[in-house]
Amino acid sequence: MASSYRLFRFAGIDVDVHVSFIFFFLLLALTGGANVFFYVVVFGVVLLHEFSHSMVSQFFRIKVNRIVLLPIGGMANIELPQDPVKELLISAAGPAFNFVFAGACFLGLMWLGAGVGDYGAIMDGVDSGALSALSPPVALSILFYVNMVLGLFNVLPAFPMDGGRLLRSVLALWMDYFQATRVAISVGQLMFLLLIVAGFLLPNFWWVVMGVFLFYSGSGELNVLRLKQAYEGVAVESLMLRNFRFVDGSVSVGDFLRLVVSPGLRYYIVVDGSGNFRGVVDAESLARGGSAVAKDLIATHVAHGYGVVDAGSRVDLAFKTLLSAPVTLIVSGGSVVGLVTASDVWENTSFYLQKRGKKRQA
Ligand SMILES: [Zn+2]
């Protein structure tokens, strides 16, 4: 089952909804009427916020893969450059949009001769479903508050949220990018811990869920950054296992394990009778299958998930493919010249970082 579904496409960007988001709305629809309307407004504003980030990215010719709506908010999938100034402007665009929108609502209210409605009264109205007759001042007040809350929430210095990215880009003007990320993540994790504690004290279930989710989301980015730093300019060939073997797909698993497999070699490239490439098999997992799979043909156990990367590629540029499957085939001129495993990529990170550190000291 797919984890998200396409909602629509605008300005070359797919807008997807995550399954959990659909469940969230179903739950709302079952529990109350006016609530649904309120959350449609909220997520409409969230979407405009994400499009603000995306538009500035596209201005810098940075590709925006898609926008995903989650119950905790939106996420624009942007391949942010390691360029503090661009990152600062892209991160600032979302909250800036919210503050401008809130300001416009405020001016609209002044023009109508009304003030901003009382927050408590409006939220009570939202909760009780008593907002069926939306007067312009109430509608503008709701938009004002939704934008203010979203804007303020997002400028909290909590990486990977906008405020955290703003903090990192400002820090990166003075210090090393990696170091800046580390500091921003630590500040963010402190904020999320506070959010979790506050969620338990109030109690507010959403705060706890959101806090836990966001607490871990920052460190994933740090790992990728560490990896990119370690392998900057390193050719895939330097991680490549040249010692590999081919196996005919029509051989039985039993014969394969007895006659073909040699110690220390885990992955084998499967070819058919005419030498055409059919995939990869993992000898360790076949051995675990025992007698139950011994009579099967190798061809029926080919792992379908494997990447293919050109031998001339760089690890730091091809890392997404290299990590997307347990093993990646390295090809040169149409033929396989070696293998790279995802675990080797992760495990050698420290080695390459150290090597880099020594070079810097020298
Ligand atoms: Zn944002």
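# The zinc site, domains and salt bridges

Asp162 is buried in this model, with a relative accessibility of 10% (buried means under 20% relative accessible area, exposed over 50%, and partly exposed in between, with a 1.4 Å probe and protein chains only). The model is predicted, so local features need pLDDT of at least 70 and side-chain atom pairs count only at pLDDT 80 or more, while totals for chains, interfaces and linings use all residues. Residues are numbered from 1 along each chain as its sequence is written, and side-chain values use heavy atoms, with hydrogens and water left out.

Asp162 belongs to the zinc site. The ion is coordinated by His49 (NE2), His53 (NE2), Asp162 (OD) and Asp162 (OD), at 1.9 to 2.6 Å; donors are N, O and S atoms within 2.8 Å of the metal, or 3.2 Å for Na, K and Ca, and since water is not among the atoms, sites may look incomplete. The angles among the 4 donor atoms run from 55 to 150 degrees, and the site is irregular. Along the sequence, the donor residues follow the spacing H-x3-H-x108-D. Because His49 lies in helix α2 (residues 33–59) and Asp162 in helix α6 (residues 162–171), the pair ties together parts that are 113 residues apart in sequence; helices (H or I, at least four residues) and strands (E, at least two) are DSSP runs numbered from the N terminus. His49 is buried as well, at 3% relative accessible area.

Not counting residues up to four places away in sequence, Phe97 touches Val45, Leu48, His49, Ser52 and Asn147, where contact means heavy atoms within 4.5 Å. Phe97 is partly exposed, with 24% relative accessibility.

Glu87 is buried at 0% relative accessibility, and Arg168 is buried at 1%. Elsewhere, Arg314 bridges to Asp316 with the closest N and O atoms 2.7 Å apart; Arg314 is partly exposed at 33%, whereas Asp316 is buried at 8%. Arg6, Arg9 and Asp14 are linked in a network. The rule gives 9 salt bridges.

At the level of domains, an automatic or database assignment gives domain 1 (4–155), domain 2 (176–230) and domain 3 (236–359). The C-alpha centres of domain 1 and domain 2 are 22 Å apart. In their interface, 7 residues of domain 1 are in contact with 5 residues of domain 2. The two bury about 690 Å², 78% of it on carbon and sulfur atoms; buried area is the accessible area (1.4 Å probe) that two parts lose on being put together, summed over both.

Two backbone features remain. Most residues other than glycine have a negative phi, and most peptide bonds are trans. Leu202 and Pro203 are joined by a cis peptide bond, with omega of about -10 degrees, and Pro203 lies in the loop between α7 (177–201) and α8 (205–230). Arg61, although not a glycine, has a positive phi of about 60 degrees. Arg61 is placed in the loop between α2 and β3 (64–70) and is exposed at 78% relative accessibility.

Note on methods:
Four donors count as tetrahedral if all angles lie between 85 and 135 degrees; four count as square planar and six as octahedral if opposite donors are over 155 degrees apart and all others between 65 and 115; anything else is irregular. A salt bridge is a side-chain nitrogen of Lys or Arg within 4 Å of a carboxyl oxygen of Asp or Glu.
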